[in-house]
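This briefing is intended for a reader who is meeting the structure for the first time. Please view the sequence and the model together before turning to the points below.

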Amino acid sequence: MGLKFAFLIGVPKGGTTSVAKWLDQHSQIITSTPKEPGHFREVRPFTIVNAHTGMRRERPKDGPMLDFGAYMRLWDGVPDHHWRLDASTDYLSDPASPNKISEFAQTNTVKVFCVVRDPVERAWSEYRHTRRDGFEPLDFRASLDAEPERIEAGYTPLFHHIRRSTYHADLKSWRARFGSDLLIVDYADLGDPARLEERICAHLGLTVEGLGAIGRENAATRGQQVAPLSRLKAAAKGLLRPGTRDARPRHAAPLSDDDRRYIVDLLREDIEACLADPDVPTGSWDCARFL
């Protein structure tokens with residue numbers, strides 16, 4: 001039925017960039033460029049990129065996120081029997097995405113898979129991302145406390161540390177629409193790529209090709225995937241333009257046990273729901289010891 005689409009819906013900071021590039025080596029899987037077109041997200045009026053300056057970046061008026069034709073052209077020339085991979089991590093927490101992709105699945109073959117990660121580690125990794133790229137002037141706790149106001153103001157999801165670490169209701173919504181067509185794996189599973197490839201290939205009905213190790217590909221600045229040297233140059237340019245970025249030291253202090261308890265208290269209900277759900281792989285979640 002129609003074309004074949006695989007959606008890697010999240011979680012952000014769950015190794016999805018690495019997994020997408022790794023899967024792109026398979027002869028029957030073609031990952032889009034960019035790997036997160038985000039076409040099936042809810043369209044919001046604007047995004048605030050830089051928390052230090054409050055700089056706003058208007059969403060584009062055209063492009064793959066908004067225009068269906070542009071989205072489909074991301075796979076121009078790809079044979080019909082190949083899987084087209086869309087690895088937009090905002091789909092998991094976006095309220096509109098399950099319905100939009102479910103509707104898309106009425107005329108196309110759709111499979112969905114998701115990588116879940118210890119929610120405390122995920123939130124901490126995302127916060128460090130904003131500090132590393134010079135977008136976050138606040139310490140970790142302050143950034144968590146500021147999140148509701150920031151969401152209301154339209155800040156990019158990169159600052160939604162609590163919201164994007166709250167998985168259970170989202171996964172329940174996706175399972176309700178896709179059932180066995182949704183595969184959920186643990187971030188720790190990336191450490192056994194042979195087994196992970198077997199599971200994903202079984203999910204997609206493909207032959208295992210021996211893709212090898214999964215690299216670490218996610219080095220980002222301004223929301224774009226870039227090489228380390230390019231990131232270094234971009235950071236240097238940012239420091240040379242006063243007001244564009246936070247020129248203070250960007251490395252966050254190590255996450256203390258007190259901070260872990262603080263965020264666990266904010267996420268407690270959702271963590272407990274995930275731990276009680278046999279369909280959510282939580283065996284590697286260290287946060288459980290702080291409940």
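The points that follow begin with the whole chain and then turn to the sheet, the helices and selected residues.

The model is predicted. The protein has 291 residues, of which 52% are buried, and its secondary structure comes to nine helices and nine strands. Of the contacts between residues at least 6 apart in sequence, 74% join residues at least 24 apart.

**The five-stranded sheet**

- Five strands form an open sheet with parallel pairing, in the order β2-β5-β1-β6-β7.
- The edges are held by β2 and by β7 (182-186); each has a single partner strand, so one side of each has no neighbour in the sheet.
- On average, and with direction ignored, neighbouring strands of this sheet are turned by 25 degrees against each other.
- In general, the strands of a sheet pair through backbone hydrogen bonds, in either a parallel or an antiparallel manner.

**Strand β5 and its two partners**

- Strand β5 comprises residues 83-86 and is covered on both faces. W83 and L85 are buried on one side, and R84 and D86 are buried on the other.
- Strand β1 (residues 4-8) runs parallel to β5 and is joined to it by four bridges.
- Within this pairing, K4 stands opposite W83 of β5, while F7 has D86 of β5 as its bridge partner.
- Strand β2 (residues 29-31) also runs parallel to β5, and three bridges join these two strands.

- Helix α1 (residues 16-23) lies across β1, β2, β5 and β6 (109-116), and runs at about 150 degrees to β1.
- Helix α7 (residues 193-204) also packs on the sheet, where it touches β1, β2, β5, β6 and β7. The direction of α7 makes about 175 degrees with that of β7.

**The pair α5 and α9**

- Two packed helices are described by the angle and the distance between their axes.
- For helix α5 (residues 140-153) and α9, the axes come within 11 Å and cross at roughly 15 degrees.
- The two helices α5 and α9 are therefore roughly parallel to each other, an arrangement for which the angle must be under 35 degrees.
- The crossing of α5 past α9 is left-handed.
- On the α5 side, the contact is made by F140, R141, L144 and D145. On the α9 side, D258, D259, Y262, I263 and L266 take part.

**The loop between β1 and α1**

- The peptide bond from G10 to V11 is cis, with omega near 0 degrees. V11 belongs to the loop between β1 and α1.
- K13 is found in the loop between β1 and α1. Although K13 is not a glycine, its phi is positive, at about 65 degrees.
- Is K13 buried or exposed? K13 is buried, because its relative accessible area is 13% and the limit for a buried residue is under 20%.

- T33 and P34 are joined by a cis peptide bond, with omega at about 5 degrees.
- P34 is situated in the loop between β2 and β3 (46-50).

**E126 in helix α4**

- E126 is located in helix α4 (residues 119-132).
- The relative accessibility of E126 is 0%, and E126 therefore counts as buried.
- Which residues does E126 contact, leaving aside its neighbours within four places in sequence? E126 is in contact with P12, K13, P157, L158, H160, H161 and R164.
- One of these contacts, K13, is the residue with positive phi described above.

**D286 after helix α9**

- D286 lies in the segment after α9 (257-276).
- With a relative accessibility of 32%, D286 counts as partly exposed, because this value falls between the limits of 20% and 50%.
- The side chains of D286 and R289 are joined by a polar contact of 2.7 Å.
- D286 and P119 are 167 residues apart along the chain, and their C-alpha atoms are separated by 9.4 Å.

Notes:
Residues numbered from 1 in each chain as written. Predicted model: local features only at pLDDT ≥ 70, side-chain atom pairs only at ≥ 80, totals over all residues. Heavy atoms only, no water. Buried < 20%, exposed > 50% of the residue type's maximum accessible area, 1.4 Å probe, protein only. Pairing = 2+ DSSP bridges. Polar contact = N/O pair within 3.5 Å; in protein donor to acceptor, adjacent residues only side chain to side chain. Axes fitted to C-alpha atoms, helices over the stretch in contact; angles between N-to-C directions. Parallel < 35°, antiparallel > 145°, perpendicular 65-115°, else oblique. Left-handed = near helix turned anticlockwise from the far one by under 90°. Contact = heavy atoms within 4.5 Å.
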